[in-house]
Amino acid sequence: MTNEFHLGGEIPISRLGFGAMRLPAHSGINGAAREPETGRSVLRRAVELGVDHIDTADFYRSSDGKVRANTLIREALHPYPAGLVIATKVGPVFGSDGPAQGTAADLRPAVEANLAALGVDSLDLVYLRIGMMGAPHGESLAERFEVLAALREEGLIRHLGISNVDAEHLAEARTIAPVAAVQNNFHIAHRDEMQVLDACAANGIAFVPFFPLGGGRHELRDDNLTKVADRHEATASQVALAWLLAFSPVTLAIPGTGSLAHLEENMAARSITLSPDDLADLG
Ligand SMILES: NC(=O)c1ccc[n+]([C@@H]2O[C@H](COP(=O)([O-])OP(=O)(O)OC[C@H]3O[C@@H](n4cnc5c(N)ncnc54)[C@H](OP(=O)(O)O)[C@@H]3O)[C@@H](O)[C@H]2O)c1
């Protein structure tokens with residue numbers, strides 16, 4: 001298993017990255033604020049440990065709006081180390097009623113907000129995130145993806161991705177512009193939308209599971225996972241990450257944490273090599 005992936009066929013990144021959603025609040029979006037200095041420490045330590053792919057969004061913020069993932073990233077890491085890829089996502093809008101799907105007209109302002117917050121002239125990777133929870137089957141993303149494709153042509157975005165999609169969305173997007181990455185809900189206990197993963201593997205597109213640790217829920221408490229973890233003197237979280245990386249050469253893991261101890265634990269998953277017996281036990 002190689003630990004490196006070439007994003008968009010050109011940018012080498014480690015397959016184990018970092019998700020920034022948990023830095024501002026435990027719930028990621030609109031929860032009670034976490035301590036900002038801890039978030040900055042987690043980001044600095046992540047880069048020390050070799051993270052060169054951070055996943056974020058301008059809407060990752062605490063409920064009081066005071067702690068924001070993009071601000072923490074800029075404060076902790078700007079000027080950014082060479083080779084660091086910061087991926088962000090646009091699409092959802094957040095009003096007083098909570099999250100809703102935005103329109104094509106919302107996308108340019110969202111991209112500009114990310115550029116400003118991160119302090120960059122161009123974004124490395126921008127996902128169009130569609131739907132609520134689960135791919136919105138049958139819904140066209142063309143009008144919105146064309147806006148992002150135009151922003152890429154303008155030089156504001158280097159690579160494009162799509163998130164929360166099915167294989168038809170990926171095929172539709174690829175008629176408009178190259179797709180470098182797909183970000184979907186996928187982990188050892190949740191293996192939906194396999195056709196989109198297959199299409200990514202066939203075309204050298206990164207498949208970036210969100211909720212790689214099950215979103216911190218109890219889904220990772222499984223006897224087989226515990227058995228394999230014990231065999232490696234590892235934790236269930238570490239084996240879940242090693243499994244994702246073993247599952248396909250195009251999977252990239254972006255575990256989210258606001259905890260230094262969990263960050264260290266997650267990054268140590270790189271040293272776990274699952275055997276054929278382990279993989280059989282994990283199903
Ligand atoms: N495209 C989308 O729609 C979408 C949706 C959700 C997430 N995302 C992206 O995907 C990234 C990963 O998803 P996620 O953060 O929601 O879920 P996750 O990585 O599956 O799990 C994160 C949760 O697990 C906990 N955790 C992390 N490491 C742990 C460990 N070693 N042991 C025990 N608990 C641990 C975290 O709590 P602590 O903070 O206390 O460690 C947090 O509650 C996000 O950060 C975000 O960048 C994208």
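Here are some notes on this structure, which is a predicted model, for someone meeting it for the first time.

1. Start with the sheet. Seven strands make an open sheet with parallel pairing, and reading across, the order is β3-β4-β5-β8-β9-β10-β11. The edges belong to β3 (18-19) and β11 (206-210); each has a single partner strand, so one side of each is left without a neighbour in the sheet.

2. Next, look at how β8 and β9 are joined. Strand β8 covers residues 123-129 and strand β9 covers 157-163; the two run parallel, with 6 bridges between them.

3. His 53 is worth a click. You'll find His 53 in strand β4, which spans residues 53-55. Its relative accessible area is 2%, so His 53 is buried. Leaving aside neighbours within four places in sequence, the contacts of His 53 include Ile 13, Phe 18, Val 85, Val 208 and Ile 254.

4. Compare that with Ala 100, in strand β7 (residues 98-101). Ala 100 has 34% relative accessibility, so it counts as partly exposed. Not counting residues up to four places away in sequence, Ala 100 touches Gly 91, Pro 92 and Val 93. Gly 39 is another matter: 61 residues separate it from Ala 100 along the chain, and their C-alpha atoms are 27 Å apart.

5. Now for the inside. The largest nonpolar core holds 90 residues, and Leu 148, Ile 162 and Val 182 have the most contacts inside it. Helix α8 (residues 236-247) gives the most to this core, with 7 residues. Setting aside neighbours within four places in sequence, Ile 162 is in contact with several residues, among them Tyr 127, Leu 141, Phe 145, His 169 and Val 182.

6. On to the rings. The structure has 7 aromatic pairs. One of them is Phe 210 with Phe 211, an edge-to-face pair at 5.1 Å centre to centre with 75 degrees between the planes. Both Phe 210 and Phe 211 are buried. Elsewhere, ring pairs link Phe 186, Phe 207, Trp 243 and Phe 247 into a cluster.

7. Charged side chains get a point too, with 15 salt bridges in the structure. Glu 75 and Arg 40 meet in one of them, at 2.6 Å from N to O. Glu 75 lies in helix α2 (residues 69-77) and Arg 40 in helix α1 (residues 36-48), so the pair ties together parts that are 35 residues apart in sequence. Arg 40 is buried at 18% relative accessibility, whereas Glu 75 is partly exposed at 43%.

8. Within helix α3, Arg 108 and Glu 112 sit 4 residues apart, about one turn of the helix, and their closest N and O atoms are 3.4 Å apart. Arg 108 is partly exposed at 33% relative accessibility, and Glu 112 is partly exposed at 39%. In the other salt bridge, Arg 144 and Glu 139 have their closest N and O atoms 2.9 Å apart. Here Arg 144 is buried, at 10% relative accessible area, while Glu 139 is partly exposed at 29%.

Technical notes:
Residues are numbered from 1 along each chain as its sequence is written. This is a predicted model: local features need pLDDT of at least 70, side-chain atom pairs count only at pLDDT 80 or more; totals for chains, interfaces and linings use all residues. Side-chain values use heavy atoms; hydrogens and water are left out. Two strands pair if DSSP finds at least two bridges between them. Buried means under 20% relative accessible area, exposed over 50%, partly exposed in between (1.4 Å probe, protein chains only). Contact means heavy atoms within 4.5 Å. Rings of Phe, Tyr and Trp (its six-membered ring) pair if their centres lie within 6.5 Å; planes under 30 degrees apart count as stacked, over 60 as edge-to-face and the rest as tilted. A nonpolar core is a set of buried Ala, Val, Leu, Ile, Met, Phe, Trp, Tyr and Cys residues joined through side-chain atoms within 4.5 Å. A salt bridge is a side-chain nitrogen of Lys or Arg within 4 Å of a carboxyl oxygen of Asp or Glu.
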